[in-house]
Structures are given as C-alpha cells and as structure tokens.
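Visitor: I have just started learning to read protein structures. Could you walk me through this one?

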Amino acid sequence: MPASIPHTTLPSGAKIPTFGLGTWRMGEDARRRKDELAALRHGLDSGITLIDTAEMYGDAESIVGEAIRGRRDDLFIVSKVLPENATRKGTITACERSLKKLKTDRIDLYLLHWRGSVPLEETIEAFAHLVETGKICDWGVSNFDISDMGEIWKTPQGNGVAANQVLYNLSRRGIEFDLMPWCRKHKVPVMAYSPIEQGRLLGSPALRDVAERHGATPAQVALAWLMRHDDVVVIPKAGTVAHVDENLASLDVILTQDDFALLDRAFPPPRKAQPLEML
Ligand code: NDP
C-alpha cells in the first residue's frame, strides 16, 4: 500500500509533502544510473511525491525527468538555480534549462541554491516573472541564515519566500536556536537537507541504542527525529531501492520522550546562536 505522507503548507497555500527524495550525486557515475532511476521510480510507486534536485547536481535533473515521465501531475518537484546564474535573465534561462532536463512545463518550488553576489531584488524579480509565466509555482531560498532571511523579508516581494532549505540533522542543530523559530514565526517551512549527514551519523551509539529499542535502523531513527516537526520537509537521498524502503519506513517510527532525552544527551541542542553550517 502506498505510504501516507503528511503535508505542510507553503505561504501561498500550496501543500508540500514533508518527506521526499534527494538527488545530489545522482547521475555522477554512469554505472549507478540504472539503480538510481529504479530507486526514484520505486519511491514514487511507494507513495513519495516530492523530489528535490538542482541544476548543480550534474545529470540528476535528467534522471528525475526520466523517473517522473507519465506521472508529473501527482508530484511536487523542487529545483534550484546556482547563485552565479541568479541574475534576472540568468535565472530565467537556468529555469528553462532545468525544465527541459526535467521534461516538464513547471517546477513546484524553485530555490536560490545559496546566496551569491547578485542582488536579491534581481533574483526575486526573475522568480516573480517565472511565477507569472507559470514556469514555477513558488520560489524560495537555500542556505540562508537568519540575517539573510531578515534581509530578504525587507526586499520588495521578498516576503513571498516560500521555503528555506538548510543543513539540519541530529549533529547539526544550530538552526533550532534562532533560524527555525524565525521561519516558524514567518510561516516559511524549513527543508532539512543531508538528514542523515550523508551516512556519517549512522555509527552513533545513541542512534543505535534508540534504533534497537524500536526494532528500527539508525537511519530511520535519524529521520523520525526530524519528522517530529510537522512543518519540516525531510529529503534523504537514496540511490538504491533498499535504502528508499528503509527510509520510508521511518514514517512508522514514533519516538518517545525517553528517546528524545537520550538523543539530546548525545547531540545537545544549541545554547547560543551559531552561524548556519553548509555542506
Ligand atoms: P543524506 O543525508 O540524504 O545521505 C545520503 C547518503 O546516505 C547517500 O550516500 C546514501 O547512499 C546514504 N543512505 C541513504 N539512505 C540510507 C540508509 N537507509 N542507510 C544507509 N545509508 C543510506 O545526504 P544528502 O547530502 O544527499 O542530502 C539529501 C538531499 O538534500 C540531497 O540529495 C539534495 O537533494 C539535498 N541537498 C541540498 C543541499 C543544498 O545546498 N540545498 C546540500 C546537500 C543536499 P545511497 O546513494 O547508496 O543510497
């Protein structure tokens, strides 16, 4: 039976699933392409409807384009423009290039991948044009710290920012101190990237202990820990069908107060503001 994945709401009113599929490093090794395509298709067959990609991820957008063929309307596609392309004209050209690779006529959420030297006003103007022409439905940012969010909020049309995709997992909790409360206050959903720290989290004894209590795996506990927030979108990347299944089953892992306390001891929450980390 396809999984039932909760949604959260973007400021525009559009619904975004809170669990999706990441695609960084897909398409980099031709020998893995078949497995990656199979993993994405399996994820979609299993009820996952959100895919996160970016123009930066080499050939990943083309693999996504292949995976979503014939089922586009049921899906929520996120892609990103590189900061060096984020001029008024460059953003539009980059978006059109991504649409071609994705073989679709629209991107549901289009993000500025990180902040570069192009003035925010210019990128936002381009995003607004892309919304008007139906090429994107919503726009947002990625790797924006609290000061960047404050700045964008004051920019004309900047309060249209629909999401902030940032590094967030058990070992990267800095955003809980200030950025996450800011996003909540302004109703801008956070998308948590590298939710299992690209695999590096999985050897943690605390995660293993909690996993054992639940008959689950460390990856499932790390994902379930993030999904305790109903307004955070979690996008693990899985390049195999087995990893897709394992990650999806994290939706069934319900952590207890004891589990949270144990994880807090191993991965303490922030006590003061710290600069946003990036991968
Ligand atoms: P993740 O934390 O999602 O980890 C992915 C790695 O973990 C892969 O090597 C994968 O291997 C492995 N893995 C996945 N599931 C399991 C499992 N159940 N057990 C063991 N290993 C597993 O890291 P990412 O950096 O890929 O982050 C997720 C997504 O977030 C990216 O793919 C991308 O879409 C987005 N992102 C955005 C950034 C931004 O700047 N906006 C920066 C970084 C990521 P395998 O491939 O073999 O399954």
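Visitor: Which residues touch the most other members in the largest nonpolar core?

Guide: Happy to start there, and keep in mind that this is a predicted model. The core in question has 82 residues, and its largest share, seven residues, comes from helix α8, residues 218-226. The members that touch the most others are Tyr110, Val190, Ala192, Val221, Ala222 and Val234.

Visitor: Let me pick Val234. What does Val234 touch, not counting residues up to four places away in sequence?

Guide: Val234 is one of the core residues that touch the most other members. Leaving out residues up to four places away in sequence, its contacts are Thr18, Phe19, Ala192, Pro195, Leu223, Leu226 and Met227.

Visitor: Which residue does the UniProt annotation "active site" cover?

Guide: Look in the loop between β3 (50-52) and α2 (60-67), which is where Tyr57 sits. Beyond four places in sequence, Tyr57 touches Thr23, Trp24, Met26 and Gly27. The annotation, from an unreviewed entry, covers Tyr57.

Visitor: Is Tyr57 buried or exposed?

Guide: Count the other C-beta atoms within 10 Å: a residue with 20 or more is called buried. Tyr57 has 23 of them, so Tyr57 is buried.

Visitor: Which residues come nearest to the ligand?

Guide: There are 27 residues around the ligand. By class, this shell has ten nonpolar, 13 polar and four charged residues, and its largest share, three residues, comes from helix α9, residues 241-248. Those that come nearest are Gly22, Trp24, Tyr193, Lys237 and Gly239.

Visitor: Which residue does UniProt list for "binding site"?

Guide: The loop to look at runs between β5 (107-112) and α4 (120-132), and His113 is found there. With 21 C-beta neighbours inside 10 Å, His113 counts as buried. Apart from its neighbours within four places in sequence, His113 is in contact with Ala54, Met56, Lys80, Val81, Leu82, Pro83 and Ser142. The residue listed, in an unreviewed entry, is His113.

Visitor: Why does the length of helix α1 agree with what it should span?

Guide: Helix α1 covers residues 33-45, which makes 13 residues. The expected span is 1.5 Å times one less than the number of residues. That gives 18 Å, and the two agree because the end C-alpha atoms of α1 are also apart by 18 Å.

Visitor: Which elements do the buried residues of α1 pack against?

Guide: The buried residues of α1 are Glu36, Ala39, Leu40, His42, Gly43 and Leu44. After the helix comes Gly47, with a positive phi near 105°. The elements that the buried residues of α1 pack against are β3, α2 and α9.

Visitor: What is the phi of Asn143, which is not a glycine?

Guide: Most residues other than glycine have a negative phi. Asn143 lies in the loop between β6 (136-142) and α5 (146-154), and counts as buried with 21 C-beta neighbours inside 10 Å. Its phi is positive, at about 60°.

Visitor: And what is the phi of Ser194, which is not a glycine either?

Guide: Find Ser194 in the loop between β8 (190-193) and α7 (205-214). Ser194 has 23 C-beta neighbours inside 10 Å, so it counts as buried. Its phi is also positive, at about 50°.

Visitor: How far apart in space are Arg172 and Lys187?

Guide: Arg172 is in the loop between β7 (164-167) and α6 (179-185), and Arg172 touches Leu167 and Glu277, not counting residues up to four places away in sequence. Arg172 and Lys187 are 15 residues apart in sequence. From C-alpha to C-alpha, their separation in space is 22 Å.

Conventions: Residues numbered from 1 in each chain as written. Predicted model: local features only at pLDDT ≥ 70, side-chain atom pairs only at ≥ 80, totals over all residues. Core = buried A, V, L, I, M, F, W, Y, C linked by C-beta atoms within 7 Å. Buried ≥ 20, exposed ≤ 12 C-beta atoms within 10 Å, placed from the backbone. Helix = DSSP H or I, 4+ residues; strand = E, 2+ residues; numbered from the N terminus. Contact = placed C-beta atoms within 7 Å. UniProt positions renumbered as here; feature names shortened; annotations may be inferred. Near = placed C-beta within 6 Å. Nonpolar A, V, L, I, M, F, W, Y, C, P; charged D, E, K, R; others polar.
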